[in-house]
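Please look over the sequence and the model shown here before reading on.

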Amino acid sequence: MALSDEPAAGGPEEEAEDETLAFGAALEAFGESAETRALLGRLREVHGGGPEREVALERFRVIMDKYQEQPHLLDPHLEWMMNLLLDIVQDQTSPASLVHLAFKFLYIITKVRGYKTFLRLFPHEVADVEPVLDLVTIQNPKDHEAWETRYMLLLWLSVTCLIPFDFSRLDGNLLTQPGQTRMSIMDRILQIAESYLIVSDKARDAAAVLVSRFITRPDVKQSKMAEFLDWSLCNLARSSFQTMQGVITMDGTLQALVIQFLFAAATVLRCLDGCRLPESNQTLLRKLGVKLVQRLGLTFLKPKVAAWRYQRGCRSLAANLQLLTQGQSEQKPLILTEDDDEDDDVPEGVERVIEQLLVGLKDKDTVVRWSAAKGIGRMAGRLPRALADDVVGSVLDCFSFQETDKAWHGGCLALAELGRRGLLLPSRLVDVVAVILKALTYDEKRGACSVGTNVRDAACYVCWAFARAYEPQELKPFVTAISSALVIAAVFDRDINCRRAASGTFPHGIDILTTADYFAVGNRSNCFLVISVFIAGFPEYTQPMIDHLVTMKINHWDGYPPRRGHLGAGRVQHTAASAVHMYTPSPALSALSLAVFPRLLSMTLSPDLHTRHGSILACAEVAYALYKLAAQENRPVTDHLDEQAVQGLKQIHQQVCVQPLGVGLGGQLMRQAVCVLIEKLSLSKMPFRGDTVIDGWQWLINDTLRHLHLISSHSRQQMKDAAVSALAALCSEYYMKEPGEADPAIQEELITQYLAELRNPEEMTRCGFSLALGALPGFLLKGRLQQVLTGLRAVTHTSPEDVSFAESRRDGLKAIARICQTVGVKAGAPDEAVCRENVSQIYCALLGCMDDYTTDSRGDVGTWVRKAAMTSLMDLTLLLARSQPELIEAHICERIMCCVAQQASEKIDRFRAHAASVFLTLLHFDSPPIPHVPHRGELEKLFPRSDVASVNWSAPSQAFPRITQLLGLPTYRYHVLLGLVVSLGGLTESTIRHSTQSLFEYMKGIQSDPQALGSFSGTLLQIFEDNLLNERVSVPLLKTLDHVLTHGCFDIFTTEEDHPFAVKLLALCKKEIKNSKDIQKLLSGIAVFCGMVQFPGDVRRQALLQLCLLLCHRFPLIRKTTASQVYETLLTYSDVVGADVLDEVVTVLSDTAWDAELAVVREQRNRLCDLLGVPRPQLVPQPGAC
């Protein structure tokens, strides 16, 4: 077989996928006009139901869907598309399938453009009434495949109902035979509409449109409206929303009642009361109920616009412009006295309607509340001023803390509607603004989450409505409060949509919105730590922002949003504390911080856990900010903090009840907060040297690190980082006796204790104290470096009792690298710095972890260790290269580059990308260059510096074609091939495909070079021999061998009988699968043995013998798979078996039930052995058998 030509990675499909664009409202015209015309013209050819019909339908749907956001572009083309499709419908010879297909196309157009626009184009002359009616009549309502046909026909029929002639003129003579009467057109239409109002498909909506246009005709209204109303009310009364059919019936009936104006409003209202729609769990029914109630209420009141409403300007743009050109101000609000509109009597039913709408404002679904809010606005616009003011008062009652968030949200929507319509008079603004300011910060905790996002968003909408509804002088008294609240919501709200909604117009609006634009407020940390600092520079916002942080955010319950990686990145409490810290470096703001400080100290004693937690974090951040302010003036921090504040900070540790770790959330939160406090106070150089509080801080840090295993897994890393950072700051500030010299007693106690904890049986304890040793300052490591490194090397060593401690090995490696960075490089001082005497031991520990492939229930946890080892190797090598490159020995550099290259060719995408980054960093480092890099010149050509940033190494399509080029360099071949083998035998389809293609491309290039091919095959066998019975490598290696043998990569060896490669490969395969019970390994071994049949000589006979042995394996699956693959192999390699016995061999293989009893199978297997010319396998008696 010749080596097959595989398609290169990154083919047209991937390029097309990468170049996909989101057009989003960027179209200028209907560009598929010609294609659509051709598509519609082919409908008569493709309607039969085959794949062509589905292709045409799907293509038309794709074309139309492009214009969902710009449907008006279709308007010039709607008429000819309609005509082409209606020609098919009106053609008497068109089969039913073609007619249904035409209506499907019509429905797709209607869905995109909307039926109201498209409906006008339907033919609606007198001559069209009966044909359309006949088409609707013959439809089967139970045919689920043709619902589009019924939907479009009902819409078409609704248009024909608009003809200006009495329907009775179309009936002619209704007497057909004596005693028989033909049904009138009016009755037929009404019967059809009523029947389709209770169906379960989309035709129900079209039937509601038909009823609205049919019943309101003058001739129908006189004779049929009362009858239809009775039918509707009876349906509502008989139906129950507890059943599905009842929901469908009520839905259709309510739609019909909502769309049209009713003359019997009181009767319908009483019927609705009996239906108890607010108790239904169907959102649509409740929404339709609210919609119907408000329309019924409007029929009680005269259709007039309230003369007392507040008006800003004119409704006409021309009139407004004329006033401006004349130099006049806008029209002043016109408010009539109460006597002007008190003469109108308000019917009794209005109160019931408004009451139901107020109940609708508290509904659990937003669409119902929104509909009720609109109804409140419409009703108030027709009421006298006094009654409308009562309605406003009832809406304000929704803003009680006894009410739910649903009531607050509905109240905000109602106030926005009232304000937008001018029905909120300026006299009410004092009350309304007060509740809106509360709504802008509404946030209630419910269980493990909070509610109020929709309330705050709606409150922003109210502010938007008010800004456009009122004259500036009316809002002037409230501008400061509203603008401050909006700014606070724009930068401090938890929800991104609320922050964006609050980004509106306020003082300094242009300057602020330039910084706090739509995209900038999308990131919470950016809002708290960057944008808020900029806005705090405006004096009118500074104090409100600080007050809000202290009052609302410092004590917020949301301390740990999920999947937030580092401390303070996305946490409301910690980010709020950081924000307070960011405001204080300005001298003008330091006074504000000092005023806030006593409040924060008192909050640290609050009984509420979250308040204590947030206030401690805030105290820490503010103290550190004041230190930085003092440092700018070369003054101590105590110049900005009085003695009472300093003592208060020192006493936090003793006063705050720090629960033992593992005892609820309190222990975790408070310990983390106190660790941050220790770090910030140490960095602030607080005058606590020699104080007993230092011992308390040290005990807390040690106890936290010792009991990390008791902390919940999602908080463990944050706690560990906080404790280690606190330790580093504490040691640097308080444990230095003289510059560069540690207190001997403290050094001895600390190092001894921490080294002892490295042998703790708890993995997390080892992690914590490893990082703690890595965080120690240089003066504490002086004279004890060798001892510390020895202890950390023991942590990174894998032993049988701690093989699963991958995280401790990872943190041990990080600690070694950090210590090296801390102590630096210095010749001849092995106990003080990195030097020739200890560098080989450090490298040995780091390189030893490059082979950590530990797996557990979490997967390949050894990845963490290998990643840390690579990063540490890079950091140490760059450190040595900058100071003493002669310490980097040639064999060490070669091993580093080879190990990293192996990791860069393995199967985990993000890990491969990290390895490639390390490899290229070492290769291209030039300050000065890393010495002894093998094949540096070739590597720089294969991986030029210009390509470093452009290649995505986590993408298999880009990584493997490049990494396989290293197979041509002898130094890297073994390690790169080992990594490729693991990738090629993996599970991810894209990784397997691109690694296989890249390997085949390389092997295709060396087919004409026997020496290169021999070297490659020898490396492959060496990998097999080194990893014999190593499941991680051997199974993928067998799959790799199957691929290369099947694709003819070693065809050049088949010309020589018993080639050494084949002989050794056969021996290794036999050892690998001997006595194995691993199904995957056995299946891969079968494929390899079948591939080895192509090698002539004794290798072929031995391979066939192995296959015959597998034909009688204990597992039926193995027997069946072996028979199937041997069958295919014998047909592929025609020279294996003589032509005289081939048919018989194939027959035995195909006709035998290989999953039968072994006694039966063995007989057929022995027959095959005779035919194939191999000796029959003999049963070996088991030891101890009788």
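Residues are numbered from 1 along each chain as its sequence is written, and side-chain values use heavy atoms, with hydrogens and water left out.

The protein chain has a mean pLDDT (the predictor's confidence in each residue, from 0 to 100) of 82, and 86% of its residues reach 70 or more. Over residues 1–24, pLDDT stays under 50, and the model has 33 contacts (heavy atoms within 4.5 Å) beyond four places in sequence for this stretch. Residues 560–574 also have pLDDT under 50 throughout, with 49 contacts beyond four places in sequence. Where pLDDT is low, the predicted coordinates should not be read in detail.

Helices here are DSSP runs of H or I with at least four residues, numbered from the N terminus. Helix α20 (residues 405–420) and helix α21 (residues 429–439) have axes that come within 11 Å and cross at roughly 135°. The axes are lines fitted to C-alpha atoms over the stretch in contact, with angles from 0 to 180 degrees between N-to-C directions. In the contact, α20 supplies W408, C412 and L415, and α21 supplies V432, V435, I436, K438 and A439.

R784 lies in the loop between α38 (778–781) and α39 (785–796). Beyond its neighbours within four places in sequence, R784 contacts Q747, E748, I751, T752 and D831.

Technical notes:
This is a predicted model: local features need pLDDT of at least 70, side-chain atom pairs count only at pLDDT 80 or more; totals for chains, interfaces and linings use all residues. Helices (H or I, at least four residues) and strands (E, at least two) are DSSP runs, numbered from the N terminus.
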